[in-house]
Amino acid sequence: MSQHSSNRGTSADCSVGLPVSWYFDPEILEIERRHLFAAGPRYAGHVSLVPNDGDYVTLGGQQVGRLLVRHNGQPQLISNACRHRQAEMLTGSGHAKHLVCPIHNWAYDLDGRLVAAPHFPENPCLDLERRKLTEWNGLLFEGSQPIHEVLSPLASWTELNTSGYVLERIDEEEHDLNWKAFLEIYLEDYHISAVHPGFRAFVDTNDLRGALQSVGGERFFCEQVNVRWPLPAAGSPNFAAYQRVLQEMLPGRRPPFAAIWICLFSGQLIEYYPFAVVTTTYLPLSPTRTRLRTEYYFDREIAEMRRDYVAAGLAVLDEVTSEDHTAALQLQAGRQAMYQLGENSQGPYQVPMEQGMRRFHDCLRTIVENP
Ligand code: FES
Ligand SMILES: [Fe+2]
């Protein structure tokens with residue numbers, strides 16, 4: 001069946017989603033890796049992971065094999081692979097004056113310079129690779145695309161500042177999904193009313209259908225959804241607990257937003273909820289398998305004083321994320337069946353609810369067609 005044979009021409013706008021093969025073709029993934037992921041911006045971590053000079057933490061996601069180290073007040077990215085025989089040097093997090101390899105004790109300073117190589121007559125001068133990081137609202141990024149330039153349309157959004165936040169939890173998992181499927185589900189609101197019974201009661205559905213506050217660039221899309229007000233009865237037990245604590249903390253006041261989602265097309269999601277930010281990095285292992293690393297941060301005062309809010313917030317996030325993963329798996333299953341049969345079919349975009357996905361697809365089409 002061709003793409004056109006099943007299209008009854010219901011949309012004046014004939015642009016449609018990506019070809020089914022783009023979710024399975026290793027050559028497409030190679031182009032995405034080279035022209036999208038490699039350029040970045042690549043998220044490294046939150047400033048609170050290394051609060052003091054000498055603090056280090058090993059990273060995952062797109063920064064696997066690297067350390068976040070604070071030296072002379074600056075967080076920097078340093079390779080965790082020894083220059084002698086490439087051993088992984090440090091695990092977890094800690095505090096150090098030098099980075100010392102456990103195998104033959106080569107020692108590096110916190111800038112990555114080799115300062116000792118036992119039993120070598122001269123220093124082999126093999127320093128660890130070091131990369132510069134840029135802080136944006138408490139989040140650290142590297143890459144040839146400067147984060148402040150990429151996200152310049154958001155420069156006036158003061159609610160995005162997370163510099164006073166602290167880490168609550170890290171999840172690392174793998175799923176049998178193309179990496180794009182994860183981003184797509186965050187780039188459209190069309191599924192919310194069918195897929196998220198708890199979340200759909202919490203957010204203002206009039207916003208979803210019309211006056212969405214959204215900002216986009218060539219390589220990102222940002223969208224704000226607002227809390228339905230006054231808050232109605234909750235749509236799930238998790239949301240009932242969350243809404244109760246939120247109302248206790250903001251008595252009589254409408255929360256400033258329900259969610260702000262920033263999607264960097266280079267495989268990075270940044271989700272804001274009241275008093276919380278969640279970063280998820282997507283690392284494609286193959287066209288049909290993706291590794292995720294998710295970090296949950298909360299406002300420091302809330303994390304210390306309102307554990308009930310943290311618990312309720314994590315529970316609703318887990319509920320919505322699990323519903324999204326189930327939906328993404330269904331999308332992938334349908335595409336996989338078509339791909340195996342050599343078929344292709346895609347429908348039009350619902351605007352405004354699928355405008356973010358459309359922008360993402362336009363970016364991918366540009367990259368794949370002009371690699
Ligand atoms: S592998 Fe690190 S010192 Fe030899
Ligand atoms: Fe969703």
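In this predicted model, helices α7 and α9 cross in a left-handed sense. Helix α7 covers residues 237–249, and helix α9 covers residues 307–340. Their axes come within 9 Å and cross at roughly 140°. Angles over 145 degrees would count as roughly antiparallel. The two helices are therefore oblique to each other. On the α7 side, the contact is made by N238, F239, A241, Y242, V245 and M249. On the α9 side, D308, Y309, A312, G313, A315, V316 and E319 take part. Sorted by class, the residues of this contact are nine nonpolar, two polar and two charged.

Helix α9 also packs against helix α3, which spans residues 179–186. Here the axes lie 10 Å apart, and the angle is about 125°. That angle makes α3 oblique to α9. The crossing of α3 with α9 is right-handed. From α3, the contact draws on A181, F182 and I185. From α9, it draws on D324, A327, A328, L331 and Q332. Six of the residues in the contact of α3 with α9 are nonpolar, one is polar and one is charged.

At the level of domains, the protein chain divides into two parts. Domain 1 is made of two segments, 20–41 and 158–369. Domain 2 runs over 49–134. The C-alpha centres of the two domains are 33 Å apart. Seven residues from domain 1 and four residues from domain 2 form the contact. On the domain 1 side, two elements give two or more residues each: β12 (165–175) and β17 (276–286). The domain 1 side of the contact has three nonpolar, two polar and two charged residues.

M89 sits in the loop between β4 (74–79) and β5 (93–95). Leaving aside residues up to four places away in sequence, M89 touches N80, C82, L99, C101 and P102. M89 was also compared with H361. The two are 272 residues apart in sequence. In space, their C-alpha atoms are 40 Å apart.

Key
Residues numbered from 1 in each chain as written. Chains lettered and ligands numbered in written order. Predicted model: local features only at pLDDT ≥ 70, side-chain atom pairs only at ≥ 80, totals over all residues. Helix = DSSP H or I, 4+ residues; strand = E, 2+ residues; numbered from the N terminus. Contact = placed C-beta atoms within 7 Å. Axes fitted to C-alpha atoms, helices over the stretch in contact; angles between N-to-C directions. Parallel < 35°, antiparallel > 145°, perpendicular 65-115°, else oblique. Left-handed = near helix turned anticlockwise from the far one by under 90°. Nonpolar A, V, L, I, M, F, W, Y, C, P; charged D, E, K, R; others polar. Domains from an automatic or database assignment.
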